[in-house]
Amino acid sequence: MVKIDIHLDKSIPIPLYYQLKEEILNNIKSGTYEQGSMVPKEQDLCDSLGISRTTVRQAITELVHEGWLYRIKSKGTFVSKPKVGQDFIKKLEPFNEQISRMNMVPSTRIVELQVIPASRTVAEKLKIREGRQVIYLYRVRYADDEALVTIKTYLPYEKCSFVMQHDLEKESLYNILSRSESTRVCTAHRIIEAVEAEPEDGRFMDIKPGKPIHLFSTEGYNIFEEPIEFSIARYRGDRNTFDVNIYVENK
């Protein structure tokens with residue numbers, strides 16, 4: 001268990017639970033509370049800081065919900081593994097480059113790679129006839145050997161058949177597509193949803209059914225505004241956080 005290195009100011013109008021939450025969070029971010037270590041017990045915090053159990057429980061519960069802490073029944077509350085900050089939501093960048101920038105080692109496992117007839121949904125997304133050949137690529141992407149996301153990608157075979165000649169466990173799909181102006185993905189449209197994990201997610205990402213999943217549907221277009229890629233990515237909600245900048249227009 002980590003020591004209680006927390007200081008609250010009862011003279012200011014900031015709620016005590018929020019002060020406690022921020023103090024614990026600062027200790028996690030600074031490394032004072034290390035990953036996997038147990039934080040002080042609720043009663044110990046109450047006794048040491050002179051605050052109520054309700055105040056402590058509210059602070060701890062919010063940190064659990066936000067993914068900074070996790071509870072183990074009958075054992076205590078522990079510091080979670082840091083989430084992986086994803087910023088691909090605001091730009092097009094290969095997964096390997098993004099993970100490498102965070103000083104982590106990326107890797108890829110190919111679950112399936114084959115040519116199949118396009119379903120109605122895939123055909124609509126790629127603007128081809130239903131039943132036309134498409135490349136189906138199913139990957140699991142890792143950071144430091146931990147599975148973060150599964151991605152099912154569909155590409156029009158007529159334009160992208162050369163992709164089949166590459167080692168997609170070692171090469172970036174976007175980099176391969178960029179070798180031709182007609183297949184280079186220049187713009188993308190993404191839809192984001194929050195869904196529950198399914199048994200297939202547990203199989204590849206060690207997450208229990210019902211846990212949160214960030215679902216991204218992406219349509220990628222070339223310079224001629226023709227659809228080149230349709231992907232469905234499922235990110236672990238407990239291991240990923242997404243970074244977005246918002247700019248306000250001056251009126």
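Tutor: Happy to: helix H1 (residues 16-30) and helix H3 (residues 53-65) have axes that come within 8 Å and cross at roughly 45 degrees. Axes here are lines fitted to C-alpha atoms, for helices over the stretch in contact, and angles run from 0 to 180 degrees between N-to-C directions. Helices (H or I, at least four residues) and strands (E, at least two) are DSSP runs, numbered from the N terminus. This is a predicted model, where local features need pLDDT of at least 70, side-chain atom pairs count only at pLDDT 80 or more, and totals for chains, interfaces and linings use all residues. Residues are numbered from 1 along each chain as its sequence is written, and side-chain values use heavy atoms, with hydrogens and water left out.

Student: What word describes how H1 and H3 lie to each other?

Tutor: Angles under 35 degrees count as roughly parallel, over 145 as roughly antiparallel, 65 to 115 as roughly perpendicular and the rest as oblique. The H1 and H3 axes cross at roughly 45 degrees. The two helices are therefore oblique.

Student: Is the crossing of H1 and H3 left-handed or right-handed?

Tutor: A crossing is left-handed if the near helix is turned anticlockwise from the far one by less than a right angle, and right-handed if clockwise. For H1 passing H3, the crossing is right-handed.

Student: How do the residues in the contact of H1 with H3 divide by class?

Tutor: Contact means heavy atoms within 4.5 Å. H1 brings Leu16, Tyr17, Leu20, Lys21, Ile24 and Leu25, while H3 brings Thr55, Val56, Gln58, Ala59, Ile60, Glu62 and Leu63. Ala, Val, Leu, Ile, Met, Phe, Trp, Tyr, Cys and Pro count as nonpolar, Asp, Glu, Lys and Arg as charged, and the others, Gly among them, as polar. The contact therefore divides into 9 nonpolar, 2 polar and 2 charged residues.

Student: And which residues of H3 does H2 meet?

Tutor: Helix H2 (residues 42-49) packs against H3 at about 125 degrees, with the axes 9 Å apart, and that makes H2 oblique to H3. The crossing of H2 and H3 is right-handed. From H2, the residues Glu42, Gln43, Leu45 and Cys46 take part, and from H3 they meet Arg53, Val56 and Arg57.

Student: Let's move to the sheet. In what order do its strands run?

Tutor: Two strands pair if DSSP finds at least two bridges between them. This open sheet has 6 strands, with antiparallel pairing, in the order E4-E5-E6-E9-E8-E7.

Student: Is Ser74 buried or exposed?

Tutor: Ser74 sits in the loop between strand E1 (69-72) and strand E2 (76-79), with a positive phi of about 70 degrees although it is not a glycine. Most residues other than glycine have a negative phi. Buried means under 20% relative accessible area, exposed over 50%, partly exposed in between (1.4 Å probe, protein chains only). With a relative accessible area of 76%, Ser74 is exposed.

Student: Where does Asp145 lie?

Tutor: Asp145 also has a positive phi, near 70 degrees. Asp145 counts as exposed, at 69% relative accessibility. Its place is the loop between strand E5 (133-143) and strand E6 (146-156).

Student: What is the relative accessibility of Arg141?

Tutor: Arg141 belongs to strand E5. Leaving aside residues up to four places away in sequence, Arg141 touches Phe95, Asn96, Ser107, Thr108, Glu146, Ala147, Leu148, Val149 and Ile151. Arg141 counts as buried, with a relative accessibility of 7%.

Student: Last one: what share of the chain counts as buried?

Tutor: The chain's secondary structure comes to 8 helices and 10 strands. Of its 251 residues, the share that counts as buried is 41%.
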